[in-house]
Amino acid sequence: MSTFTETASDVPMSRYRPSQRVLHWLMAIVVISALVIGLYCSYLVQGTPLRRALLDLHKSLGMTALFLIAIRVPLRLSFGEPANRPPLGTFVHYAARCTHILLYALMIVMPLAGYTTSAAGGHDLPWFGLFQWPDLLPLNKPLEKAAAEIHEYGAYCLYAILSLHVLAALWHHLFLKDGVMRRML
């Protein structure tokens with residue numbers, strides 16, 4: 001008598017909606033690009049043309065991320081997430097939930113802190129050379145410094161949480177083979 005054990009490939013796959021998947025991967029490209037450019041700029045001499053140009057691109061990507069997250073959060077709240085098949089264990093479920101909440105929070109805080117740093121510091125707020133974002137804050141050097149610190153330490157947190165997110169997705173895909181990553185592909 002043969003026994004049958006159900007694997008993830010035997011269970012119908014539950015996926016995020018196409019709009020959620022597109023926003024996820026678009027934001028991944030935008031956020032990772034902004035992080036890499038921001039990190040690279042931290043090693044360049046202040047005031048050089050290359051650094052200024054890259055920071056303008058970094059700011060443009062950050063404001064794009066803020067725009068995208070403003071679309072993504074309502075979609076996530078409206079549509080939720082597909083069920084995991086097979087269900088995740090309690091610890092993994094809550095670890096994933098906490099990681100996602102932190103990612104969403106950082107994707108909101110980072111562009112806002114970046115905007116505040118630029119606006120309060122009297123710096124340009126370009127968007128891909130097409131226009132300047134309105135400067136809604138008065139010149140305020142203490143606020144600029146505080147926002148810059150939030151932006152800097154938020155970047156460290158984002159590196160860590162994003163790395164954890166990617167490693168967990170790969171762990172699910174390559175080792176557990178439980179279909180978690182396929183929900184977003």
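Author: A salt bridge here is a side-chain nitrogen of Lys or Arg that lies within 4 Å of a carboxyl oxygen of Asp or Glu. The model discussed below is a predicted one.

Reader: How many salt bridges does the structure hold?

Author: Side chains of opposite charge can pair when their charged atoms come close. In this predicted model, Glu81 pairs with Arg76 at 3.0 Å, N to O, and Arg97 pairs with Glu81 at 3.4 Å, N to O. Lys141 and Glu144 also form such a pair, their closest N and O atoms being 3.2 Å apart. For the structure, the number of salt bridges is three.

Reader: Which residues are linked in a network of salt bridges?

Author: The side chain of Glu81 meets that of Arg76 in a salt bridge, and the side chain of Arg97 meets that of Glu81 in another. The network is made of Arg76, Glu81 and Arg97.

Reader: How many residues apart in sequence are the parts that Arg97 and Glu81 tie together?

Author: Arg97 belongs to helix H3, whereas Glu81 sits in the loop between H2 and H3, so the pair ties together parts whose separation in sequence is 16 residues.

Reader: Is Arg76 buried or exposed?

Author: A residue counts as buried when its relative accessible area is under 20%. Because the relative accessible area of Arg76 is 18%, Arg76 is buried.

Reader: In which helix do Lys141 and Glu144 both lie?

Author: Lys141 forms a salt bridge with Glu144, and the two are three residues apart, about one turn of the helix. At 47% relative accessibility Lys141 counts as partly exposed, while Glu144, at 15%, counts as buried. The helix that holds both of them is H4.

Reader: In what order do the elements of the chain run from the N terminus on?

Author: The chain has four helices and two strands. Among the helices, H1 covers 18-41, H2 covers 49-79 and H3 covers 90-120, whereas H4 is made of residues 141-176. From the N terminus on, the order of the elements is α-α-α-β-β-α.

Reader: What separates the C-alpha atoms of Ile37 and Ser78?

Author: Ile37 is found in helix H1, and at 15% relative accessibility it counts as buried. The C-alpha atoms of the chain fill a box of roughly 75 × 30 × 25 Å along the principal axes. Ile37 and Ser78 are 41 residues apart along the chain, and their C-alpha atoms are separated by 33 Å.

Reader: Which helix supplies the largest share of the lining of the largest pocket?

Author: Rolling a probe the size of a water molecule over the atoms shows where empty space is left. The largest pocket holds about 1,200 Å³ of space, and its lining of 41 residues has Arg51, Leu55, His58, Thr117 and His151 nearest the centre. By class, this lining divides into 21 nonpolar, 11 polar and nine charged residues. H1, H2, H3 and H4 each supply at least two residues of the lining, and the largest share, 10 residues, comes from H4.

Reader: Which helix gives the most to the lining of the second largest pocket?

Author: The second largest pocket has a volume of about 990 Å³, and among the 43 residues that line it, His24, His100, Leu103, His165 and Ala169 are the closest to its centre. Its lining comprises 30 nonpolar, eight polar and five charged residues. H1, H2, H3 and H4 each contribute at least two residues to this lining, but the most, 11 residues, comes from H3.

Reader: What is the area of the nonpolar surface patch that includes Leu170?

Author: Leu170 lies in helix H4. A patch takes in residues with over 30% relative accessible area, and Leu170, at 34%, counts as partly exposed. Together with Val166, Leu167, Trp171, Leu174, Phe175 and Leu176, Leu170 makes a nonpolar surface patch of about 690 Å².

Key: Residues numbered from 1 in each chain as written. Predicted model: local features only at pLDDT ≥ 70, side-chain atom pairs only at ≥ 80, totals over all residues. Heavy atoms only, no water. Patch = residues over 30% accessible without salt bridge, like charges linked within 9 Å, V, L, I, M, F, W, Y side chains within 5 Å. Areas by Shrake-Rupley, 256 points an atom, 1.4 Å probe, with all protein chains shown as cover. Buried < 20%, exposed > 50% of the residue type's maximum accessible area, 1.4 Å probe, protein only. 1 Å grid on protein atoms, 1.4 Å probe; cavity = no way out; pocket = protein on both sides within 12 Å on 5 of 7 lines; lining within 4 Å. Points joined across faces, edges and corners; volume = space filled by probe spheres on them. Nonpolar A, V, L, I, M, F, W, Y, C, P; charged D, E, K, R; others polar.
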